[in-house]
Amino acid sequence: METIELKVDMVALHEKRLRKCLSKVKGIDKVEVEASIQKVVITGYANRNKILKALRRVGLRAEFWSAHNEILSTYATGSLMFNNYSFF
């Protein structure tokens, strides 16, 4: 089983559209949405590119999650820690 992490630009209304779109892709077992940081975690055996293509087809901007996105989400939540010192 594979885990795929995506960054999807969405607002609250897009989550329903996202879940409906992903329900049609074969091989997906589980979808977890963290709307506050715009992160979607997909578990299953689906092709990564087919998932990305399906999301883009319904008008959602999506890309694979990267370390850059992790840093940006940390700033968005306001909890950045280095060497046990909290910033923000």
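This is a predicted model: local features need pLDDT of at least 70, side-chain atom pairs count only at pLDDT 80 or more; totals for chains, interfaces and linings use all residues.

Trainee: Why is the pair Glu 5 and Lys 39 called a salt bridge?

Mentor: A salt bridge is a side-chain nitrogen of Lys or Arg within 4 Å of a carboxyl oxygen of Asp or Glu. For Glu 5 and Lys 39 the N to O distance is 3.5 Å, so the pair qualifies. Five salt bridges are counted by this rule.

Trainee: Are Glu 5 and Lys 39 buried or exposed?

Mentor: Buried means under 20% relative accessible area, exposed over 50%, and partly exposed in between (1.4 Å probe, protein chains only). Glu 5 has 33%, so the residue is partly exposed. Lys 39 has 10%, so that residue is buried.

Trainee: What makes Lys 7, Asp 9 and Arg 61 one network?

Mentor: Asp 9 forms a salt bridge with Lys 7 at 2.8 Å between the closest N and O atoms. Asp 9 also forms a salt bridge with Arg 61, at 3.5 Å. Salt bridges that share partners join the three residues into one network. By accessibility, Lys 7 is buried at 18%, Asp 9 is partly exposed at 26%, and Arg 61 is exposed at 63%.

Trainee: How far apart in sequence are the parts tied together by Asp 9 and Arg 61?

Mentor: Asp 9 lies in the loop between E1 and helix H1 (12–23), and Arg 61 in the loop between helix H2 (48–57) and strand E4 (62–64), so the parts are 52 residues apart.

Trainee: How do you know that Leu 18 is buried, and what does Leu 18 touch?

Mentor: Leu 18 lies in helix H1 and has 0% relative accessibility, so the residue counts as buried. Contact means heavy atoms within 4.5 Å. Not counting residues up to four places away in sequence, Leu 18 touches Val 8, Met 10, Val 31, Val 33, Val 40, Leu 55 and Leu 60.

Trainee: And what about Leu 55?

Mentor: Leu 55 is in helix H2 and is also at 0%, hence buried. With the exclusion of residues up to four places away, the contacts of Leu 55 include Leu 6, Leu 18, Cys 21 and Ala 62.

Trainee: What puts the buried residues on the same side of H2?

Mentor: In H2, Ile 51, Leu 52, Ala 54 and Leu 55 are buried. They cover an arc of only 160° around the axis, so they sit on the same side of H2. The arc is that of the directions from the helix axis to the C-beta atoms. On the other side, Asn 49, Lys 50, Lys 53 and Arg 57 are exposed.

How values were computed. Residues are numbered from 1 along each chain as its sequence is written. Side-chain values use heavy atoms; hydrogens and water are left out. Helices (H or I, at least four residues) and strands (E, at least two) are DSSP runs, numbered from the N terminus.
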